[in-house]
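Subject: Structure for your review

Dear colleague,

Please find the structure below, together with its sequence. A summary of the findings follows.

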Amino acid sequence: AIRQKYRIMYLAGRPSVEYAHLRHQLKADPNHELVSFVILRNPDNVSPVPDNELSLIPFPATEIFVSSLFQFDLFILEDFAYWRFNLPTQYLDNIRRFVAQGGALLFIGGSNALSKGGYRGTPLEDLLPVALSDSQEEFAAGLYDPRVVAPDHPLLSMGLPPEESAALWKALPPLDGWTRFSAVKPGSSVLLAHPNERLASGAPLPVAAVREHGKGKVML
C-alpha cells in the first residue's frame with residue numbers, strides 16, 4: 001500500500017529566509033503533508049512576562065521526537081541547537097532508528113547547528129555523512145559559489161542535459177556561510193564543495209553531502 005501523501009516534519013531553530021522558502025515550496029505540492037515548527041523563543045531568552053501569558057505554544061519536543069516521528073517519511077532539522085532545551089539523548093537515538101527503518105533526514109546547518117548545536121558525539125552524528133569538528137570556529141560567514149562535485153547525481157542533474165544543468169548551477173546567487181568538518185565518512189557522496197576551503201586531508205570542504213543508513217537516507 002502506498003500512502004496518498006508524503007509526510008514531512010520540519011523543525012527550524014529560528015525564523016529564516018531558508019525556512020520560509022522551503023516551507024512554501026513543500027506546502028505548494030498537494031502530494032506533501034507538512035507539519036512545521038519554528039523556534040521563536042529559546043529557554044535562555046529572558047521574558048518580562050510569565051510563560052502562561054505568552055501567545056507562543058510550548059516547544060512540543062515529545063510530540064516531535066517520540067510520539068509522532070515514526071509517522072513521517074522525511075524529517076527536516078534546520079539550524080536547531082539541541083543543547084538549549086536539555087533534551088534526553090534518547091530523542092536523537094529515535095532519529096537514528098527512524099532513518100534505519102527507512103525514513104529520510106535532511107539536516108540543514110547554520111550558526112546554531114552541528115557541534116555548536118550539541119550534536120558532537122551523539123547518535124545523530126553517527127548518521128551524518130561527515131565527522132564533526134571540535135573547533136570553536138566551526139561556522140564561518142561569507143559569500144561563495146559552491147563547486148558542483150557530482151554533476152551526474154540525480155539531485156544535481158535535475159534530469160537535464162549536462163550543459164543545461166551546469167548553466168543553471170552557475171546562474172545561482174552565492175551562498176552565505178559554511179561549516180568546517182574534520183572528515184568525510186566512508187560511503188558518503190559529496191555533492192557540493194567549497195571552492196577554496198579544505199579538510200585536514202586536503203580534500204575540498206563539503207557543502208552538501210549524502211549517505212545511506214540502514215534502509216534510509218541522510219542529506220546534510
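Leaving aside its neighbours within four places in sequence, with which residues is Phe107 in contact? In this predicted model, the contacts of Phe107 on that basis are Leu77, Ala113, Leu114, Tyr119, Leu124, Leu128, Met219 and Leu220.

Phe107 also belongs to the largest nonpolar core, which has 38 residues. Together with Leu11, Phe65, Phe75, Phe80, Ile95 and Tyr119, Phe107 is among the residues with the most contacts inside this core. The elements that give two or more residues to this core are strands 1, 3 and 4, strand 5 (130-132), strand 6 (139-144), helix 2 (61-67), helix 3 (89-100) and helix 4 (123-127). Helix 3 gives the most, with five residues. A second, separate core has nine residues, including Tyr10, Tyr19, Leu26 and Leu34.

As to the sheet, eight strands form an open arrangement with mixed pairing, in the order 2-1-3-4-12-11-10-7. Strand 2 (32-38) and strand 7 (147-148) are the edge strands, each pairing on one side only. Strand 2 pairs with strand 1 (residues 6-12) in the parallel sense, over seven bridges. Within this pair, Ser36 in strand 2 stands opposite Tyr10. Helix 1 (residues 17-27) packs on the sheet, where it touches strand 1, strand 2, strand 3 (74-78) and strand 4 (104-108). The direction of helix 1 makes about 160° with that of strand 2.

Yours sincerely,

A colleague

Terms used: Residues numbered from 1 in each chain as written. Predicted model: local features only at pLDDT ≥ 70, side-chain atom pairs only at ≥ 80, totals over all residues. Heavy atoms only, no water. Pairing = 2+ DSSP bridges. Helix = DSSP H or I, 4+ residues; strand = E, 2+ residues; numbered from the N terminus. Contact = heavy atoms within 4.5 Å. Axes fitted to C-alpha atoms, helices over the stretch in contact; angles between N-to-C directions. Core = buried A, V, L, I, M, F, W, Y, C linked by side-chain atoms within 4.5 Å. Buried < 20%, exposed > 50% of the residue type's maximum accessible area, 1.4 Å probe, protein only.
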